Amino acid sequence: MLLSSSRQDWLGNIRGDVLAGIVVALALIPEAIAFSIIAGVDPKVGLYAAFSISVIIAVIGGRPGMISSATGAMALLMVVLVKEHGLQYLLAATVLTGIFQVIAGYLKLGNLMRFVSRSVVTGFVNALAILIFLAQLPELTHVSWHVYAMTAAGLGIIYLFPLINKTIPSPLVCIVVLTVISIGLGLDIRTVGDMGALPDSLPIFLLPDVPINVETLIIILPYSLALAVVGLLESMMTATIVDDLTDTTSDKNRECKGQGIANIATAFIGGMAGCAMIGQSIINIKSGGRGRLSTLVAGVVLLLMVVFLNDWVSKIPMAALVAVMIMVSIGTFSWQSLADIRVHPLSTSVVMIATVIVVVWTHNLAYGVLVGVLIAALNFANKVARYMTVTSTLDKKVRHYGVRGQIFFATSERFVNAFDFKEDIDKAIIDVNQAHFWDITSVSALDKVVIKFRREGIDVEIKGMNEATATLVDKFGIHDDPKKIEKFMGGH
């Protein structure tokens, strides 16, 4: 079964994967150069990373068909480190980043993705679509009309060519045709070569030239932690999106380990830390890529092109790649989510919109997802809290209380206020058969109720505890321990 699955990942879609990989390789080149410039390093640092990470993740990653490379989110975190300490410390930080990610994989932190709601994922996708589009605007401002004409022609090819032929990816046709036109007409427009010098040699193995001591660790530790968190977060979110696009599943914990190993190896050939790229991953999927072969081809073809065909690659007009990325932003944005705002619960829409606003405003994916998850968690807690009820009946001088729902930090106060401690009764029976106590706050609330009744001379009986609640109460409860009760009374 494992062999069959592996064969399918590599050889199940050879034509589609190879063609899609070539398209992705062409789209990766200007991105890798741009991210290198953002980080303040030589373009080859980003290009070597794009090659290395793609090739390694193709083999050991947990999400076939997903593209990983140097990214803008990671590059932004490197700026201060490179400026203050230089490239060698960045390479050392990249190694430590990979180690943290491998550890996260073994700790199965990839499973935490189940706590990210659908509305957060939708907000994340929409925000990235907006950021991808905004990133193209510098290429479309203060330029000649030729750039607009080429971009429009590129979009026309991308959307109309599939009506003629669906076997060849239209983005690849767009890039080839516009390059031929640009060279043939001698157009004076911006090209890939204008972004930075392409490397003219293959990467070589090297060790980061930094002192191996505590001082170095103190310098790189905060950067490595930030890079590891952002890298894993973006990779896990992208994997979830590719899962949806391909209607398949992925191994998130294996992906964590794969990202870590890829970053460690990349540092040893002079590359910067990277992670999954949603834009290029969607280009890959929409161009027909599905398996690991597409990711491998993307990395290998990129290296071959920038090293051996750099004269030709440097002549690719940026307008062609802008057209491809605009196609990606349009295809990435969840247009249905706009219509869903009218029909979905307000709380769900707020989570989605908040995620979009924070990501676009800060250009930090981690902040947006964190805010979205936090709001979603608060909404969930608020909804669950509404269903906690306490009813009561009086039988002679015995008050029967029936508790239903979830007792936790958000409902503990209402739970305590539901009891009448001044009532003239002999006994209070609290039936928690249909309730569940989740945390120390809820146990403390139960203690408070029992102690207050006893303080008024009322006998208390608690019945119906399920096993989990009983275990929690036995461990943290104080109402049956005279010494702890005395200490509690002294503090109140």
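Helices (H or I, at least four residues) and strands (E, at least two) are DSSP runs that are numbered from the N terminus, and the chain has 21 helices and six strands. This is a predicted model, in which local features need pLDDT of at least 70, side-chain atom pairs count only at pLDDT 80 or more, and totals for chains, interfaces and linings use all residues.

**The chain as a whole**

- Taken along the principal axes, the C-alpha atoms of the chain fill a box of roughly 100 × 55 × 50 Å.
- Of the 492 residues, 53% count as buried, a term for under 20% relative accessible area, with exposed over 50% and partly exposed in between (1.4 Å probe, protein chains only).

**The nonpolar surface patch**

- Residues including Y159, L160, W335, I341 and W361 make a nonpolar surface patch of about 1,300 Å²; patches are made of residues with over 30% relative accessible area and no salt bridge, nonpolar side chains (Val, Leu, Ile, Met, Phe, Trp, Tyr) being joined within 5 Å and like charges within 9 Å.
- A salt bridge is a side-chain nitrogen of Lys or Arg within 4 Å of a carboxyl oxygen of Asp or Glu.
- The elements that give two or more residues to this patch are α7 (145-160) and α16 (346-362), and α16 provides the largest share, three residues.

- I341 lies in the loop between α15 (336-340) and α16, and I341 counts as partly exposed because its relative accessibility is 32%.

Key:
Residues are numbered from 1 along each chain as its sequence is written. Side-chain values use heavy atoms; hydrogens and water are left out. Accessible areas come from the Shrake-Rupley method with a 1.4 Å probe; for residues, only the protein chains shown count as cover.
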